[in-house]
Amino acid sequence: MIGISILGATGSIGLSTLDVIDMHPDRFTVVALTAHRDVEAMAAQCLRYRPQLAVMADPEAARHLADVLGARVPGTEVLGGSEAVAEAARLPAADYVMAAIVGGAGLMPALAAVRAGKRVLLANKEALVMTGHLFMDELSRCDAELLPIDSEHNAILQCLPQTRVSGVAPDGVRRLLLTASGGPLREWPLNNLNEVTPAQACAHPNWSMGRKISVDSATMMNKGLEVIEACWLFGLEASRIRVLVHPQSVVHSMVEYVDGSVLAHLGHPDMRTPIAHALGAPERIASGVAAFDPVAAPPLVFEEPENARFPCLALATQALAEGGSAPAVLNAANEEAVAAFLDGELKFTAIAAVIEHTLSYLDAGEAHSVEAVLELDRQARALARSEIRRRAS
Ligand code: NAD
Ligand code: MG
């Protein structure tokens, strides 16, 4: 049996992971589950999966969970706090760790899984964006295995030669073609974008996801973060990654080879496919996703991204070109701006402005340790928050 620890078990990716695991009771067993504050969802998961360890990142929520469970799951230890989340990532019984916490909060737990030499299924792209080469260095130092869950990166992985090494440019590859749906605002009148509400920004046409990544898809910061993620995962510079808007989300990405071959990965937009790929690799296992019928599929369209509509995409490319820890600053400012937008404190179009302000005011040199990245992350969040307050007043 393969032991699995799911970080962010109550979220969109966490639930899809449990769906796939449910289909393979003879192959996988859930050994640890973590969540932030959602006690009700976590209690239901504990009763069903009876993990060794259940962690609430919020200590108050952990006490509540322990009360709710009482003596009903005697084999489950309940812990609280962020250090306990990292413990769930290091748990000896966990062979694989699904890193599906949203945002910078997922960094230390994801790194804990890497440092414990696990197979790490990485949904939490922010962790890699923040720490870049530090993350990749830890991966090789600790002999851990990294499998991307982001549908685009998982698709690219599937189109690359089997012999490829994490973080090293594969032979014969000319470019990666990273597809993007364009999100729910692709056809909105440009002049009305400042009126977009959180509900409208989260109404993604093809994917059902958590609220933060849904807003990132609407601004296309998600694709910006994914370009940075792809650079680190596949060892390629940004100039060899082309972003294409593809509203149907049928082609999940492509790899262009020097001989003119282009390999594409197609399927329904359903995260259970990349999750099943990463859980089963090198074997193929069922995911519960319906068979894909090309005849029934809509006509496939590909377009250049519109720069005026998606300034966040250019900001991400700029941060990448600037190098050092600029991507960590970009990520921190984006998280704060998106949270403020979701709370009704910031206009949709001001998300990019807050990020641009933060990037220009903070000098992000090369960070030589994860602690230095975390310090920069704190500074960038403080700066972004003061800019958000200034705009609100
Ligand atoms: P979500 O908001 O649905 O779930 C987030 C999970 O993280 C929840 O279990 C929540 O309890 C936990 N969490 C939140 N804040 C936390 C904190 N401070 N400390 C500890 N745990 C915390 O998000 P999601 O859509 O599942 O996305 C998770 C990650 O996967 C993100 O990094 C996202 O970019 C990535 N991703 C998601 C999708 C998707 O389809 N949802 C696709 C590709 C990549
Ligand atoms: Mg993606």
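# Sheet and helices in a predicted model

Visitor: What order do the strands of the open sheet take, and what is the pairing?
Guide: This is a predicted model. Seven strands form an open sheet in the order 4-3-2-1-5-6-7. The pairing is parallel.

Visitor: Which strands stand at the edges?
Guide: Strand 4 (77–80) and strand 7 (145–148). Each has a single partner strand, so one side of each lacks a neighbour in the sheet.

Visitor: And how many degrees does the twist average?
Guide: From one strand to the next, the twist averages 20 degrees.

Visitor: Take strand 1 and strand 5. Over how many bridges do they pair?
Guide: Four bridges, in the parallel sense. Strand 1 covers residues 2–7 and strand 5 covers residues 96–99.

Visitor: Which residue stands opposite Ser 5?
Guide: Val 97, in strand 5.

Visitor: Which strands does helix 5 touch?
Guide: Helix 5 (residues 107–115) packs on the sheet and touches strand 1, strand 5 and strand 6 (119–122). The direction of helix 5 makes about 150 degrees with that of strand 6.

Visitor: What about helix 6, which strands does that one touch?
Guide: Strand 6 and strand 7. Helix 6 also packs on the sheet, and its direction makes about 145 degrees with that of strand 7.

Visitor: At what angle do helix 6 and helix 15 cross?
Guide: Roughly 170 degrees. Their axes come within 10 Å, and helix 15 spans residues 370–392. Helix 6 and helix 15 are therefore roughly antiparallel to each other; the cut-off for that label is over 145 degrees.

Visitor: Is the crossing of helix 6 and helix 15 left-handed or right-handed?
Guide: Right-handed.

Visitor: Which residues make that contact?
Guide: Helix 6 brings Met 130, Thr 131 and Leu 134. Helix 15 brings Val 370, Val 373, Leu 374 and Asp 377. By class, the contact of helix 6 with helix 15 has five nonpolar residues, one polar and one charged.

Visitor: Staying on helix 15, is Arg 389 buried or exposed?
Guide: Arg 389 lies in helix 15. Arg 389 is exposed, with a relative accessible area of 55%. The cut-off for exposed is over 50%.

Visitor: How many Å separate the C-alpha atoms of Arg 389 and Leu 346?
Guide: 8.9 Å. The two residues are 43 residues apart along the chain.

Visitor: New topic. At what angle do helix 2 and helix 3 pack?
Guide: About 45 degrees, with their axes 10 Å apart. Helix 2 is residues 39–49 and helix 3 is residues 59–69. The two are therefore oblique to each other, and their crossing is right-handed.

Visitor: Which residues of helix 2 and helix 3 make the contact?
Guide: From helix 2, Val 39, Met 42, Ala 43, Cys 46 and Leu 47. From helix 3, Ala 61, His 64, Leu 65, Val 68 and Leu 69. By class, the contact of helix 2 with helix 3 has nine nonpolar residues, one polar and no charged ones.

Visitor: Last stop, helix 9. Why is helix 9 largely enclosed?
Guide: Seven of its nine residues (211–219) are buried, so helix 9 is largely enclosed by the rest of the structure. The buried ones are Lys 212, Ser 214, Val 215, Asp 216, Ser 217, Ala 218 and Thr 219.

Visitor: Which helices do the buried residues of helix 9 pack against?
Guide: Helix 6 (125–141), helix 8 (198–201), helix 10 (221–234), helix 12 (311–322), helix 13 (326–342) and helix 14 (350–361).

Visitor: And which residue follows helix 9?
Guide: Met 220. The phi of Met 220 is positive, near 70 degrees.

Key:
Residues are numbered from 1 along each chain as its sequence is written. Chains are lettered from A and ligands numbered from 1 in the order in which they are written. This is a predicted model: local features need pLDDT of at least 70, side-chain atom pairs count only at pLDDT 80 or more; totals for chains, interfaces and linings use all residues. Side-chain values use heavy atoms; hydrogens and water are left out. Buried means under 20% relative accessible area, exposed over 50%, partly exposed in between (1.4 Å probe, protein chains only). Contact means heavy atoms within 4.5 Å. Axes are lines fitted to C-alpha atoms, for helices over the stretch in contact, and angles run from 0 to 180 degrees between N-to-C directions. Angles under 35 degrees count as roughly parallel, over 145 as roughly antiparallel, 65 to 115 as roughly perpendicular and the rest as oblique. A crossing is left-handed if the near helix is turned anticlockwise from the far one by less than a right angle, and right-handed if clockwise. Ala, Val, Leu, Ile, Met, Phe, Trp, Tyr, Cys and Pro count as nonpolar, Asp, Glu, Lys and Arg as charged, and the others, Gly among them, as polar. Two strands pair if DSSP finds at least two bridges between them.
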